[in-house]
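The exercises below are to be worked through with the sequence and the model side by side. Each task is followed by a solution that goes step by step.

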Amino acid sequence: MATMITDVCINCGACEPECPNGAISQGEEIFVIEPSLCTECVGFEHRESCAAVCPVDCCLPDPRIVETEDALLSRAKALHPDVVFPDPPPSRFRRAPER
Ligand code: SF4
């Protein structure tokens, strides 16, 4: 699923700089996520970076846009052709390693 920002958003802007793909921008009323740029942070983090910093928990999986981990990783690779992603990649589909 792409991540979406719900109307609970308070426009704090905390999420925007956290996105590895530049998918978040200020919309007409609240911040918005461009689904074609969202990879749910697969390849970069074990959870969605925007959701991790949101103070009101309004960055949520969009049930209308369901995508597989492979599809999201392929998008990450297309968006970042110079990045060598770990195998397996960090992903919300897997638990973070115990520390
Ligand atoms: Fe960007 Fe990750 Fe949030 Fe998607 S889930 S909008 S890739 S920070």
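A residue counts as buried under 20% relative accessible area, as exposed over 50%, and as partly exposed in between, with a 1.4 Å probe and protein chains only. The model is a predicted one, in which local features need pLDDT of at least 70 and side-chain atom pairs count only at pLDDT 80 or more, while totals for chains, interfaces and linings use all residues. Residues are numbered from 1 along each chain as its sequence is written, and side-chain values use heavy atoms, with hydrogens and water left out.

**Exercise 1. Describe C41 and its place beside the ligand.**

Begin with the position: C41 lies in the loop between β3 and α1, where strands (E, at least two residues) and helices (H or I, at least four) are DSSP runs numbered from the N terminus. Next, take the accessibility: C41 has a relative accessible area of 8% and is therefore buried. Then turn to the ligand, which is surrounded by 13 residues, with C41 among the closest, together with T3, C19, C38 and C50; a residue is near a molecule if one of its heavy atoms lies within 4 Å of it. Sorted by class, this shell holds seven nonpolar, four polar and two charged residues. Here Ala, Val, Leu, Ile, Met, Phe, Trp, Tyr, Cys and Pro count as nonpolar, Asp, Glu, Lys and Arg as charged, and the others, Gly among them, as polar.

**Exercise 2. Follow the contacts of E40 and R92.**

E40 belongs to the loop between β3 (31–33) and α1 (49–53), and its relative accessible area of 1% makes it buried. Its side chain is joined to that of R92 by a polar contact of 2.9 Å, that is, a pair of N or O atoms within 3.5 Å, where within protein one must be able to donate a hydrogen and the other to accept it, and residues adjacent in sequence count only if both atoms are side-chain atoms.

**Exercise 3. Which rings form the aromatic pair, and how are they arranged?**

A search of the whole structure finds one aromatic pair. The ring centres of F44 and F85 are 5.4 Å apart and the planes stand at 80 degrees, so the pair is edge-to-face; rings of Phe, Tyr and Trp (its six-membered ring) pair if their centres lie within 6.5 Å, and planes under 30 degrees apart count as stacked, over 60 as edge-to-face and the rest as tilted. Because F44 lies in the loop between β3 and α1 and F85 in the segment after α2, the pair ties together parts that are 41 residues apart in sequence.
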